[in-house]
Amino acid sequence: MKYHNLRVLLVDDNEINNFMTKHMLEEYGVEVDIALSGEEGLLLYNKNSYDIVFMDYMLPGMNGIE
């Protein structure tokens, strides 16, 4: 099953998690943007339209709960 036109924002400071998750989602046709911090994620979120945001809740600085 392919999910064309689905756009996801992945916010995580773990680059291995980012690589693996992005790779898995792209196999289903999902477009993935990555932010390494909560602040960077907020900037991307305000500039773009996303269908889903996956955010680590234990980020340093601004975390997923905030």
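This briefing covers the fold, surface and selected residues of one predicted protein model. Local features need pLDDT of at least 70 and side-chain atom pairs count only at pLDDT 80 or more, while totals for chains, interfaces and linings use all residues. Residues are numbered from 1 along each chain as its sequence is written, and side-chain values use heavy atoms, with hydrogens and water left out. The protein holds 2 helices and 3 strands. Their order along the sequence is β-α-β-α-β. The radius of gyration is 12 Å, close to the 11 Å that the globule rule gives for 66 residues, so the protein is as compact as a globular protein of that length.

**Terms for the fold**
- Helices (H or I, at least four residues) and strands (E, at least two) are DSSP runs, numbered from the N terminus.
- The radius of gyration is taken over C-alpha atoms, and the globule rule is 2.2 Å times the number of residues to the power 0.38.

**Overall build**
- Along the principal axes, the C-alpha atoms of the protein fill a box of roughly 35 × 25 × 15 Å.
- Of the 66 residues, 26% are buried (under 20% relative accessible area; exposed is over 50%, partly exposed in between; 1.4 Å probe, protein chains only).
- Take the contacts (heavy atoms within 4.5 Å) with a separation of 6 or more: 56% of them join residues 24 or more positions apart.

**Surface and charge**
- The accessible surface of the protein is about 4700 Å², and carbon and sulfur atoms hold 57% of that.
- Accessible areas come from the Shrake-Rupley method with a 1.4 Å probe; for residues, only the protein chains shown count as cover.
- The protein carries 4 positive and 12 negative side chains (Lys and Arg are positive, Asp and Glu negative; His and the chain ends are not counted).
- The centres of the two charge sets lie 10 Å apart, with each charge placed at NZ of Lys, CZ of Arg, CG of Asp or CD of Glu.

**Strand β1 and its partner**
- β1 runs parallel to strand β2 (residues 31–35), joined by 5 bridges; two strands pair if DSSP finds at least two bridges between them.
- V8 has V32 in β2 as its bridge partner.

**L10 and N18**
- L10 sits in strand β1 and is buried, at 6% relative accessible area.
- Beyond its neighbours within four places in sequence, L10 touches N18, T21, K22, V32, D33, I34, A35 and F54.
- M24 is 14 residues from L10 in sequence, and their C-alpha atoms are 12 Å apart.
- N18 belongs to helix α1 (residues 15–26) and is buried, at 3% relative accessibility.
- With neighbours within four places set aside, N18 is in contact with L10, D12, I34 and L36.

**N5**
- N5 lies in the segment before β1 and is exposed, with a relative accessible area of 78%.
- N5 is not a glycine, yet its phi is positive, at about 70°.
- Most residues other than glycine have a negative phi.

**L42**
- L42 is part of helix α2 (residues 38–47) and is partly exposed, at 41% relative accessible area.
- L42 and I52 are 10 residues apart along the chain, with 13 Å between their C-alpha atoms.
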